[in-house]
Amino acid sequence: MPEHLKKKPKIAVEETVIDLSKVQLKSSCIESSFELSDSIELKTCELLKRNGWVCTFCGKPGNIGNLDVLFGPYLVQVSDCINEKSRTFSVWMHRDCAIWTSSICLSNQTLCGLADALTTAANMACSLCTKLGATLQCSSRQCRDNYHFVCAKQRGCSFKIENFTMICPKHK
Ligand SMILES: [Zn+2]
Ligand SMILES: [Zn+2]
Ligand SMILES: [Zn+2]
C-alpha cells in the first residue's frame, strides 16, 4: 500500500472498521465480501446501480488508464421502507476514487464514510462527463465543480496529497 494512504489526517469512526490489507486480498480472489453496518436509501442504490463489474463512483472498470484494480465488494445495507426485507448493495471502487472522496476516510487500515459518500455521489453530476457519481469537489469554497477522479485528471485539476484535496484549474 502506498505510504500516503496510511496518513489521511482524519479520525476514523470506530464502528465501521475494515482491514484494507484484506480488501486487497479479496479483490484478487473474489469469494467473500465486507458487510458494513452503514445503510443507504433505496433511491441511492437505484441511482448508482451499474452494469457489470465497474467502480460504483466513476462507472469505469478496473485496470484501465491510470486506474488500478477494483476493491470490494463492500456490502452496504439498503433501507427500504416499502419492502421490509433487508437487502444489500455491492460497492466496488478504485482506490483513487475512494481516497479522493472527502467523506471517505482511510486511517489505520480502516475505511469509513462509504454510505455518506454514496448518498452524495447519487445526487452529484460530474462537471466534465455529466454522469452521476462525482465525489471530488474543488476545494475552493465558491466553486461548485464536482468530478469523478478520472474526469478531474482529464480537466487538469491539481491534487494535494498532504490533505487529499483537489482544486480545479479555475481556482489554482
Ligand atoms: Zn472509479
Ligand atoms: Zn465524470
Ligand atoms: Zn474550482
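This dialogue reads a predicted model feature by feature.

Reader: Which conventions apply to the numbering and to the confidence of the model?

Author: Residues are numbered from 1 along each chain as its sequence is written, while chains are lettered from A and ligands numbered from 1 in the order in which they are written. The model is predicted, and local features need pLDDT of at least 70, side-chain atom pairs count only at pLDDT 80 or more, and totals for chains, interfaces and linings use all residues.

Reader: How many helices and strands does the chain have?

Author: Helices (H or I, at least four residues) and strands (E, at least two) are DSSP runs, numbered from the N terminus. The chain has 5 helices and 9 strands, and its elements run α-β-α-β-β-α-β-β-α-β-β-α-β-β from the N terminus on.

Reader: In what order do the 3 strands of the open sheet lie?

Author: Strands of a sheet pair through backbone hydrogen bonds, either parallel or antiparallel. Two strands count as paired if DSSP finds at least two bridges between them. Here the order is β1-β2-β3, with mixed pairing, and the edge strands, each pairing on one side only, are β1 (34-41) and β3 (87-94). The pairing of β1 with β2 (residues 70-79) is parallel and spans 5 bridges; within it, E35 has L75 of β2 as its bridge partner. Strand β2 also holds P73, and the peptide bond from G72 to P73 is cis, with omega near 0°.

Reader: Which helix packs on this sheet, and which of its residues are buried?

Author: For such angles, axes are lines fitted to C-alpha atoms, for helices over the stretch in contact, and the angles run from 0 to 180 degrees between N-to-C directions; two residues are in contact if their C-beta atoms, placed from the backbone, lie within 7 Å. Helix α4 (residues 114-122) touches β1, β2 and β3, and its direction makes about 40° with that of β1. A residue is buried if 20 or more other C-beta atoms lie within 10 Å of its own, exposed if 12 or fewer, and partly exposed in between. By that criterion L114, A115, A117, L118 and A121 of α4 are buried. Seen down the axis of α4, these buried residues fall within an arc of 160° (taken over the directions from the helix axis to the C-beta atoms), so they line one face of the helix.

Reader: Which residues touch the most other members of the largest nonpolar core?

Author: In soluble globular proteins, nonpolar side chains tend to be buried together. A nonpolar core is a set of buried Ala, Val, Leu, Ile, Met, Phe, Trp, Tyr and Cys residues joined through C-beta atoms within 7 Å. The largest one has 39 residues, of which V76, V91, M93, C97, L114 and L118 touch the most other members. At least two residues each come from β1, β2, β3, α3 (95-99), α4 and α5 (149-155), and α4 gives the most, with 5 residues. Leaving aside neighbours within four places in sequence, V76 has contacts that include L36, I40, V91, L114 and L118.
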